[in-house]
Amino acid sequence: MFRSTVLICGGTGCTSSNSEKLITLMQAELVRLGLEKEVNVIKTGCFGLCALGPIVVVYPEGAFYSMVKEDDITEIVEEHLLKGRIVQRLLYSETVAEDTIKSLNQTSFYAKQKRVALRNCGVIDPEKIDEYIAVDGYAALGKALTELTPQQVIDTVKASGLRGRGGGGFPTGLKWSFAAANQADQKYVACNADEGDPGAFMDRSVLEGDPHAVLEAMAIAGYAIGANKGYIYVRAEYPIAVYRLNIAIAQAREYGLLGKNIFETGFDFDVEIRLGAGAFVCGEETALLNSIEGKRGEPRNRPPFPAVKGLYGKPTVLNNVETYANIPQIILNGAEWFAAMGTEKSKGTKVFALGGKINNTGLVEVPMGTTLREIVEEIGGGIPDGKKFKAAQTGGPSGGCIPPEHMDIEIDYDNLISIGSMMGSGGLIVMDEDSCMVDIAKFFLEFTVDESCGKCTPCRVGTKRLHEILERITAGQGELEDLDKLEALCYYIKENALCGLGQTAPNPVLSTLKYFRDEYEAHVVNKKCPAGVCKSLLSYFIIAEKCKGCTLCARVCPVGAISGTVKEPHVIDLNKCIKCGACIEKCKFGAIIKK
Amino acid sequence: MKSLAELKAIKEKTQAAVGMRQDNEDKIRILVGMATCGIAAGARPVLAALVEEVEKRNLHNVSVSQTGCIGVCQYEPVIEVVAPNEEKVTYVKVTAEKAVRIINDHIVNGNVVTEYTIGSVAK
């Protein structure tokens, strides 16, 4: 048995900052010191604290090393693993205590988290089925097949109050009961892993860190509705997730946990992967089903809903990755356990991908009903450089912006909708005072214009027109009546678009118009961008009193727009200035401003 | 795999290794002094014996880890047993055989092996 275990994060975040190399180096160092039989090195999934990657954790001490570089590996091996001296300088600062180390659960990032969907991410080796089994993996499938009837499984999921984590928030148990009630010679279970919201990566992390949980849950869903075939639709841009899923499927088949006659109960179930080419609309359920069938990824009319007529015209249950990741725990621990977490109408936990202007960029999982303030200020560690919070964007291109006055709102499906945003898949982008809300709305519209499939006119043409109006406003050519036009067009699109993508595309515009109308008006009436983002509305000036005449700005200006003599205040020629900001970056005296 | 029993067997085989990674404040911790003095005096076989014994007896609530120099180098190899809500016990001049007995008497049966403790040796 190994006396020590080294976990190195192999999620996409840490992999992109070279964690693979750390693993190779670590193994080589262990061999050099003859410790390879005593210390086990494991590549895990995401720990969540991506801002501090690459992350290396050593057990049994529980030492959490952050931002580890290649040069640090020898020190960790020689000091910690050979001599038992924890390398203090590499520890995540919050875990450092006088003469010991604090457990991760005591750090502000982890203390308020409750990991259900992410429970095995960063704990087990996702490429070894035995490790998943060690943490009760496939026990839920065993329990469902041998102790529960399909109806009891559905009742348990229903009673748990679990709602779809992909964005819509439809009760999962209800969806299953519809599909179960429809008689057909063939039914399907599908998993939506076409995560497309900018900034959201919880599904990827679950697939990378705990792929078996999704397979197990799909098999349970298959048993519940009477399906023996499953499809996972995952985007091809997630190579690590696809790779580990393939390994997981092969291992599960080898163990007989997928395939024929599982646990000798006569239940057959198998799963196939379908790779998506990265179209946002394919995350929409009916477009996704089309895409699995090899057709163009365009939405179908609903009804009929997939539970009635889904994949290949057969009853189909389609759930999101995070939804599935909750299922085995619900079956094992019971509906009451799950329903005890969260708010009245939204049970359990939700994973959020924290991004934007926040210190602890990464993945957090909190009980429903946690306030936005707790997530941003406590778990997220606040906003860098002491800047002020301006808004949080939830739900990606389908969601809206939450202003500071709603920071104490308890986050759940219904509360977010009531303030004009939505849960979406759980992207949470934080913006500070330097963000222009009109520009943010324009950014999301640009995304939906690109991603609109073109099948229905309100979305195809409407989002394009919305984007044009926003372009005009940010270019300083907007008029007051544009704001009314925007609003009217938004409501038109919401009411008439065919699928969820179009119906929610105007949300970023509507919510910023509602909460930040003064910024729109500043752009239109005063022709100014208060946050200093929209280039056309900005001019750069040098404050003569502060300028020391060091000439640095004149030298970095790429277009020679700055002139002046040494030790005398310089001036910017506004006609030549291209507003690149190079001068502001270089000025040591804070003498250059934009307004 | 054909049955739940087989699933359970795999779980039992692997859960000790995974269990090490879960923070659990109720764990009994055995610390082995592994600075230069400890290693020179033979702490490595002691550590190996402890780890082996813990595994053999399937003790899920015990973690064996290294620590630096405990400060009484003349008594190395030194190990400390830290159980929740109990006073720390320091054993000195430990050998692999003594380590096995410490696990058996102290960790499993709750009887401190007084003759190996620092108190009885220092007298």
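Predicted model: local features only at pLDDT ≥ 70, side-chain atom pairs only at ≥ 80, totals over all residues.
Okay, let me start at one residue: setting aside neighbours within four places in sequence, A:K43 is in contact with A:I8, A:G10, A:I23 and A:D125. Contact here means that the C-beta atoms, placed from the backbone, lie within 7 Å. Residues are numbered from 1 along each chain as its sequence is written, while chains are lettered from A and ligands numbered from 1 in the order in which they are written.

Back to A:K43, which sits in strand β2 (residues 39-44) of chain A. Helices (H or I, at least four residues) and strands (E, at least two) are DSSP runs, numbered from the N terminus. So is this lysine buried or exposed? A:K43 counts as buried because it has 20 C-beta neighbours inside 10 Å. The cut-offs: 20 or more other C-beta atoms within 10 Å is buried, 12 or fewer is exposed, in between is partly exposed, again with C-beta atoms placed from the backbone.

Zooming out, chain A splits into domain 1 (4-105), domain 2 (129-339), domain 3 (349-432), domain 4 (437-524) and domain 5 (539-594). Those bounds come from an automatic or database domain assignment. Over C-alpha atoms, the centres of domain 1 and domain 2 of chain A are 34 Å apart. Six residues of domain 1 of chain A are in contact with six of domain 2 of chain A. On the domain 1 side, that's one nonpolar, five polar and no charged residues. For the classes, Ala, Val, Leu, Ile, Met, Phe, Trp, Tyr, Cys and Pro are nonpolar, Asp, Glu, Lys and Arg are charged, and the others, Gly among them, are polar.

Now the chain pair. 31 residues of chain A are in contact with 26 residues of chain B. On the chain A side, β1 (4-9), α5 (129-134) and α6 (139-147) each supply at least two residues, and α5(A) has the largest share, four residues. By class, that side has 16 nonpolar, eight polar and seven charged residues.

On to the cores. A nonpolar core is a set of buried Ala, Val, Leu, Ile, Met, Phe, Trp, Tyr and Cys residues joined through C-beta atoms within 7 Å. The largest has 183 residues, and A:V56, A:V214, A:M218 and A:I220 have the most contacts inside it. Helix α10 (residues 211-225) of chain A gives the most to this core, eleven residues. A second, separate core has 28 residues, including B:V32 and B:A49.

Last stop, chain B: five helices and four strands, in the order α-β-α-α-β-β-β-α-α. Buried residues are 37% of its 123. What should helix α4 (residues 96-108) of chain B span? At 1.5 Å a residue, its 13 residues should span 18 Å, and the end C-alpha atoms are 17 Å apart, which agrees. That expected span is 1.5 Å times one less than the number of residues. α4(B) bends by about 25° at B:I102, the bend being the angle between axes fitted to the seven residues ending there and the seven starting there. B:I102 is also among the buried residues of α4(B), including B:A99 and B:H106. Just after α4(B), B:G110 takes a positive phi of about 80°.

Terms used
Contact = placed C-beta atoms within 7 Å.
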